[in-house]
Amino acid sequence: MAQTVETRRRAQAELGDWDDFIARAGNTEGASIAQAREYLDTGRERIERAFRAGAHVDVLVGARSELVDAVLTNAWQALADSSDACLVAVGGYGRGELLPHSDIDLLILYRQGTLDTVGPALERFLTHLWDIGLEVGHSVRSPAECAEQAAGDITIMTNLMESRALAGDAALFAAMRAATSVEHIWPSAEFFKAKIEEQQARHARYDETAYKLEPNTKESPGGLRDIQTIAWVAKRQFAAQTLDGLVDYGFLSDREFTELKRGQAFLWRVRFALHTLTDRPEDRLLFDHQIQIAKLLGYEDEENNLAVEQFMQKYYRNIKALTALNDILLQLFSEAILHFGDDERARPINERFQSRHGFIEVTADDVFVKHPSALLEIFYLMQTRPRLTGIRAHTLRLMRRDRHLIDKNFRNSIHCRRLFTEILRQRGGVTRALRRMNRYGILGRYLPNFGKIIGRMQYDLFHTLTVDEHTLFVIRNLRRLVLPRFQHELPFASELMQSLNKPQILYIAGLMHDIAKGRGGDHSELGAVDARKFCVDHGISSDDTELVCWLVRQHLLMSMTAQRRDINDVQVVNEFAREVGNRERLDRLFLLTVCDIRATNPNLWNSWKESLLVDLYTSTRRALERGLDDPLDEAEVIAETRSAAAAMLTRSRVNTPRFKEVWARFEPDYFLRHSPEEIARQTRAIVTHDGDGPLVTVAEISDQGSTLFVYSRDRNYLFGVATGVLAQLGLSILDARINTTRDDYTLDTYVICESDGQPITDAYRRREIEDTLRAAIANPEVESIDVTRRASRRARYFNVPTQIYFSETPERACTVMEVVTADRPGLLSLIGDTFYRFGILLETAKIATIGERAEDVFFITDRDHAPLRDRETRSRLRQTLTNELDKNGP
């Protein structure tokens, strides 16, 4: 209580003479528009100053409600006071909780048969509210109409439950409350079921997670709406008008109530900041606002932890705690409301646990105190007994109470280590067990370094989940590969996974691969140290330990090789094979890479990405099978590719002398950088082309998205024009391979998709692309494309300074130029135009968009097909590109 008094005293000091101010606002003469506006503006400014000064947000949301109360009641008394009407606050305003731009919802009750009489006065009142700038939502109903409407709409019922009379005839308000009471409509059991269904549907709209880049502070799981759901059920069933009533009824402990109120206050403060910064009723924590709010709430950058990352970690951890409390309370309500008087006999499991209604529970309140290992055992028992659907609320409460017992002695216990290992080894329920352990605060205590990444976000557009959620999604993805019912998602990876022994080795690697994020240094190397300690502590064999550590240390190797290097280059494959060393590592690295990418960003994974990894896996497996002492040879690969493509062309009745005549004009690199299927398809198109203008075709390829093929006499600015047209058409370029013939024709292959990652399936859309690009290439006066499309809202907010690096590939006789810059439409076109001005030839490009960053790699030469060895030329190229790209940023 002392804390509340002190908080009130501090708020009063910040707000000034607030009580006197409210009294004056409620006692102005008549209905003065100017005075009402002045009080509203002055009050809003005072409240905002108090917020910025650190006043407690509970007082501020109440102060805003008091101010609106005063202005409304004064206007009502001057314009609409009648014994036949009553002004009622409903919804959040009815609770007395108003943030700066919260909805102000009003109900005007009238006595049946008097609407014609009171109507004109009500219209004057509502017009006055509009004139003073107070936007309200209102309904005009009789008590009977309220009951009729509420009976058919749970939302209306909920609003009316949170109502309070402001002015007018109190008897009308009492009649409305009586007509909508639990005795007449929405019995508590039906109300509870409807609210649970409502919450489940709302959570589903947010993919059952609040751990997203831009969460909704109100509607996402664990948000303010979940707290309100608890309060609504408590009011309907138990007549608890405030959350502290749940303590009196025994549903919340004092500690849990404090945690719930603290969580609510934090979310209110975040939402208050959003309203203040945006000057509108904004509930989404968009990127545009996160940095500003972190600063407003007092967070400061640290060496390895940005202020915005600290703030968002606090946000996510707060959400996690509120979600657990929501679970406990709703389950307790379910037992009290739906199973009241149902004394189903408990079914023993062992001396520590039993089941009831399909939920597991402890046999006594001191089970975890006497047997701390039961804090892990409970999850193991749920795995081995699929009929158990959850943990009973009282047991959850005991787990939260006793989880501090997971200390050094607990973690050193052989029995506890064996239990945790058994959870990972089970045939089913691994993901569910780990998720529950994380949700209820067990996993982060058992693995303290995992606890450090709980709620940790990375401020970019690449990582769409917090590190702990991402980690659990990696394990979930690995688990799905084991289960035949998910085989249709990734047939190749599923078949490979199901052929492996000891899948738990991959689960451990997945659990550890990002555990060192945020510590500074190389998280892969630091994570490998953690992985080794975990394996040694948990009795993993030395060979398996080395495999886990290698996977954690190299978990980015395969994705970086596939996305940044030319995997059609035999030397690249041989180098990768030497790094991997054996088939066992290759299999597991491939599976971990696939599941890691899919868990990082849903928009990042596509069939093209899959095909890149499968191609690299297949080539590397072949190299390993030959033996590292007998590496793949370019001439051998070219011969095999030509032979396979020739067989396809012959089967499709393409004249052999004709296609060999075409091939005679091609450089050997063409046969290294394309599959036999692509070569056959492109050769067939060239042979049948009438020769009148450029050949442009878009093919929908089942395993690689859509492939665009351009065959044309080479011309100035071709790469810049082609990529500019594609950008203007709203397409994304995933890959570019540029080949020239011996007689000055170009063979350009682009892998493209729609901006949402989907292949181009519509025939009309394909013709549009072909016709537009063909016309631009055929017109020699077109030297550049003005790309008017803008970068996404999210991407525009990030500042990614351009960085350019050069390196050599002696085996390819070319220079590798890596460009890291802000992604935006037309980026490749700008780079292509610069290449032309410098007389640079492009052999191939590896296009990678990582959130807001483009990390593109270009294999280039000078006009004589030699590497760019001149330092001055490189320096001028770097400076020109940097200036151009930073000037034309998103």
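How many salt bridges does the structure hold?

A: In this predicted model, the structure holds 56 salt bridges. Side chains of opposite charge can pair when their charged atoms come close.

Arginine 111 belongs to the loop between β2 (104–110) and α6 (115–131), while aspartate 84 belongs to the loop between α4 (57–79) and β1 (85–90), so the pair ties together parts that are 27 residues apart in sequence. The relative accessible area of arginine 111 is 32%, and this residue is partly exposed.

A second pair is formed by arginine 480 and glutamate 489, whose side chains meet in a salt bridge at 2.5 Å, N to O. The two partners fall into separate accessibility classes: arginine 480 counts as buried at 19% relative accessibility, whereas glutamate 489, at 28%, counts as partly exposed. The value for arginine 480 is 19%, and buried means under 20% relative accessible area, which is why arginine 480 is placed in the buried class.

The cut-off for a salt bridge is within 4 Å. Aspartate 669 is partly exposed, with a relative accessible area of 25%; arginine 673, by contrast, is buried, with a relative accessible area of 3%. Elsewhere, salt bridges with shared partners link Arg622, Arg626, Asp630, Glu636 and Glu640 into one network.

Helix α3 (residues 33–53) packs against helix α13 (residues 254–278) at an angle of about 125°, and their axes lie 11 Å apart. That angle makes α3 oblique to α13. The crossing of these two helices is left-handed. On the α3 side, the contact involves Ile47, Glu48, Phe51 and Arg52, and these meet Arg269, Phe272, Ala273 and Thr276 of α13. By class, the residues of this contact comprise four nonpolar, one polar and three charged. Among the charged residues are Glu48 and Arg52 in α3 and Arg269 in α13.

Key:
Residues numbered from 1 in each chain as written. Predicted model: local features only at pLDDT ≥ 70, side-chain atom pairs only at ≥ 80, totals over all residues. Heavy atoms only, no water. Helix = DSSP H or I, 4+ residues; strand = E, 2+ residues; numbered from the N terminus. Buried < 20%, exposed > 50% of the residue type's maximum accessible area, 1.4 Å probe, protein only. Axes fitted to C-alpha atoms, helices over the stretch in contact; angles between N-to-C directions. Parallel < 35°, antiparallel > 145°, perpendicular 65-115°, else oblique. Left-handed = near helix turned anticlockwise from the far one by under 90°. Contact = heavy atoms within 4.5 Å.
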